[in-house]
Amino acid sequence: MAEYSQAGILTALLFFSAVTLRDVYLGRGVTQHQQQQQQHKHKMYAGPVLRFQYCKVFQEYSRAIGQVYPDIRIEGDNYPPKTFNKYMANFVSYFKLLIIALVVSGQNPFQMFGMATPRLWSWAQDNKIFSCLMAFFLSNMLETHFLSTGAFEITLNDIVVWSKLQSGYVPNIQELFQILDNHLKMSQGNFQ
């Protein structure tokens, strides 16, 4: 079995910690900054605003809608997860850091609590780099699961025109064009 230097293991721990802390803390700051920018743009722009809270088809739909309706400003944003899911994702993120720190430092938390050491923990201690990578990627998978909403919500001037959460599916592009035509005609009728 290969032995790893303490400097190499410490470097791996610092890398995983930096990436996780960046995701937890800078992700929040970027979102707040983006919201402030969008509010500023919204005040400066007088035309209709089509907002997507989206999944993967956002780019395809926004390109098609931009060609048919050039006067509509299109914005995209991630649909916010439920509060419980957000907290669970943060918990998984911090737990990941704890596990990686314990593996790298060689500490055995089970002995501290007077419990027998599981074979999985012994294996993790013998294979530090692989187990840290596995903990990192598996926890990222769980975080993504908790933060994923499956939403495709469309609003036109803050009026909901489509909700995948209510309907259960994403509209095809022709269906979306028809919905937008109807809403734009109603909006123009209200201003005349």
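## Tyr61 and Phe152

Tyr61 is buried, at a relative accessible area of 7% (buried is under 20% relative accessible area, exposed over 50% and partly exposed in between, with a 1.4 Å probe and protein chains only). Phe152 is likewise buried, with a relative accessibility of 0%. The model is a predicted one, in which local features need pLDDT of at least 70 and side-chain atom pairs count only at pLDDT 80 or more, while totals for chains, interfaces and linings use all residues. Residues are numbered from 1 along each chain as its sequence is written, and side-chain values use heavy atoms, without hydrogens and water.

## Aromatic pairs

The structure holds 7 aromatic pairs (rings of Phe, Tyr and Trp, the last by its six-membered ring, with centres within 6.5 Å; planes under 30 degrees apart are stacked, over 60 edge-to-face and the rest tilted). One of them joins Tyr61 and Phe152 edge-to-face, at 5.7 Å centre to centre and 90° between the planes. This pair connects distant parts of the chain, 91 residues apart: Tyr61 belongs to helix α2 (residues 58–68), and Phe152 to the loop between α6 (128–147) and β3 (153–156). Helices (H or I, at least four residues) and strands (E, at least two) are DSSP runs, numbered from the N terminus.

Phe136 and Phe137 also form an edge-to-face pair, with 5.3 Å between centres and 80° between the planes. Phe136 is buried at 7% relative accessible area, whereas Phe137 is exposed at 53%.

## Helix α3 against α6

The axes of α3 and α6 come within 8 Å and cross at roughly 175° (axes are lines fitted to C-alpha atoms, for helices over the stretch in contact, and angles run from 0 to 180 degrees between N-to-C directions). The two helices are therefore roughly antiparallel (over 145 degrees; under 35 is roughly parallel, 65 to 115 roughly perpendicular and the rest oblique).

Residues in the contact (heavy atoms within 4.5 Å) include Val92, Ile99 and Val103 of α3 and Ala135, Phe136 and Leu142 of α6. By class, the contact comprises 13 nonpolar, 5 polar and 4 charged residues (Ala, Val, Leu, Ile, Met, Phe, Trp, Tyr, Cys and Pro are nonpolar, Asp, Glu, Lys and Arg charged, and the others, Gly among them, polar).

## Helix α3 against α5

Helix α3 (residues 83–105) and helix α5 (residues 119–126) have axes that come within 8 Å and cross at roughly 65°. The helices α3 and α5 are therefore roughly perpendicular to each other.

Ile99, Leu102 and Val103 of α3 meet Trp121, Ala124 and Gln125 of α5 in this contact, which has 5 nonpolar, 1 polar and no charged residues.
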